[in-house]
Amino acid sequence: MLYREAGQYKSTYAADMAVFPLREDRIGIAVILGIALVAVPFLGSDFFIASVMIPFLIFSLAAIGLNILTGYTGLISLGTAAFMGVGAYACYKLTTFFPNVNIIVLILVSGLFSAGIGVLFGLPSLRIKGFYLAVATLAAQFFLQWAFVRVPWLFNYNASGAIEVPQRTLFDIPVTGASATPETRYFVCLGLVVVLTWFASNLVHGKLGRSWMAVRDMDIAAELMGIKLLNAKLGAFAVSSYFAGVAGAMMIFLWYGGGEAADVFSIRLSFNILFMVIIGGLGSLIGSFFGAAFLSVLPTALKFGLPALGVPLTGATAEHVTFMLVGALIIFFLIVEPHGLARLWQIGKQKLRTWPFPY
Amino acid sequence: MSDIATRPAPNVFANPMVKAGLIAAAIVAAIAIGVRLDPSNTLYAIFVDPFQQMVQAPDLLVQTIWEGLVSGVLYALIALGFVLIFKASGVFNFAQGIMVVFAALTLVGLYEKGVPAFLAVILTLGVMFALAVTIERVVLRPLVNQPDIILFMATFGITYFLIGFGESLFGGNPKQMITEQLYLPKGAIDLQILGGLVSLQKIDIAAAIIASLMIGLLALFFQYTRIGRALRAVADSHKAALSVGISLNQIWVIVWFTAGIVALITGIMWGARSDVSFALEIVALKALPVLILGGFTSIPGAIVGGLIIGVGEKLGEFYWGPLIGGGIESWLAYFIALGFLLFRPQGLFGDKIIERI
């Protein structure tokens, strides 16, 4: 009744092929953006913004990156965290070399280094497929993590081996460093994520995205149809690593504010982002957001929500219960809908179209 | 007749032996030229010095190879659990590592509660059986016929659940494995060979013997029993096995239980070498390159792969590690596997991947 395409006539091909062809969808996306831009920073507490919304946005970006590789191109990667680390360290080195360049430009540029490394480790994908490829990307994960610890040039020969985030401003407002408020950091994250999501959406709906999907469905057939596997697969690795690298730079500069990055970008983070992509829905941008929300917000919610509900839990037990619940929920959602939360969302929309008179 | 005349001359370079020989010759030539031109002796340190060390101190070489073999056996045991499940149900079971930890923790936990050691082993086997039944009922049966990656993901869920469950039952502190109570030998044998001392831990020898025994038993079980034949049938084709009346559910329980037994033995062996803790879970990731090297579907592959990875990793760390700052053990295994994969994308012993359109 509320959500129906009846009466909306398309007069151009462009309108018919739009990403959001329904007026209701466009209103919905505007409302979500409005909430993210106005309601969250003004109504949310500092804690909510700093430890729920910022991680959610950063994980969403990383999940979009991995989704381009795994969901759209069908190449499994377990090295996302390492590519994020490359972004973070590249950003750190860039801030050291070019202290006067705007930090947001540097974050965006640091993704390019990550993309380069991604292409390098993506080369075996031309010959190796499936789970065999997963191990090739594990080589990237462990090698790069080793390099983050053992190559002192990367962290400017610090004694602690940690990244120190310098204070940088945008229009005289501190964006990174100790004095940046959560709200400012949130706005920067939101801006970057919205722009990059728009970019990703255009990519996957365009020629490159179509060639990725053809490769995913069957790479030999795609090759016979004239798609260059080299370009498609390495392109997917480059774009995916670019997103991961930007997410990694954001993670250190806008969320953690420094620290022992080698521990942050561990294999566990890679797995977590793969979970987000699979739980959210392979080959769906909105699914990346759902997956990130599910797996980054859920542990925090359980940690602080259960005591509020009167379940007495101390630190260690709470962590164990969180682990068990996350594990059980992963299995539950896979059984209910193996194609991820994005499919549930689609089914919901389909139901809404025929509501209240389903036939 | 004209047929032969027009046929192109056989390409000498297509022969894999010729190709390998040419590549080897090129490498040797490059090294020979490199060593001449190299001013700072880097190439010397990489290509000549380690081998000189090996020749000069053969006892150290033997010791390193032995340690590599031992850790290789343990990698192979974990990989074996993966292969069993992958063969029979096509599930890439990420939870094998945590099953090892869980089995070892249950055993030690039961012993600490006052259960006699061997009764504790039997009870732990019971727990692993219950786990197999539960996983089959709760996870595998509803997910039948789903794509591989979804099942892979589900085993991640199992991993998470078991980590939380195990930690809340047994606590996160490392525990001592009950080696003496299980009559596992302790101490070391020192051998006088090649002009030096080589020390072999008795527990390592025991691990090697037990592992070979178990692999032999598994081979016999697969080859000669009715259930073993059914397992091989399921591995070949789920549909065909179903059509001749083999119960997939029953087979899966058996396979997961077998993997559970393998996990328990791995847990005992590994726990005896260090202690029982959740850190083992990361070590279990080392089983992945082993699997890749050997091929997902081959039991001999898991063993050979484990030994190659174990020895390669220890030799690399000992002789080449110091050149680039040490600690290369953490990634060397993956690069060895990657190197092999570039030549054989299906692993050393894996089934040939045939792709059709």
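**A chat about a two-chain model**

Visitor: What share of the contacts in chain A with a separation of 6 or more comes from residues 24 or more positions apart?
Guide: First, this is a predicted model, where local features need pLDDT of at least 70, side-chain atom pairs count only at 80 or more, and totals for chains, interfaces and linings use all residues. Residues are numbered from 1 along each chain as written, with chains lettered from A and ligands numbered from 1 in the order written. Two residues are in contact if their C-beta atoms, placed from the backbone, lie within 7 Å. Take the chain A contacts with a separation of 6 or more, and residues 24 or more positions apart account for 74%.

Visitor: Why does the radius of gyration of chain A agree with a compact globule?
Guide: That radius is taken over C-alpha atoms, and the globule rule is 2.2 Å times the number of residues to the power 0.38. Chain A has 359 residues, so the rule gives a value near 21 Å, and it agrees because the chain has 21 Å.

Visitor: How many residues of chain A are in contact with chain B?
Guide: On the chain B side, 36 residues take part. Their partners in chain A number 33.

Visitor: Which helix gives the largest share of the side of chain B that touches chain A?
Guide: Helices here are DSSP runs (H or I, at least four residues), numbered from the N terminus. H7 (148-170), H13 (287-294) and H15 (329-343) of chain B each supply at least two residues of that side. The largest share, 14 residues, comes from H7(B).
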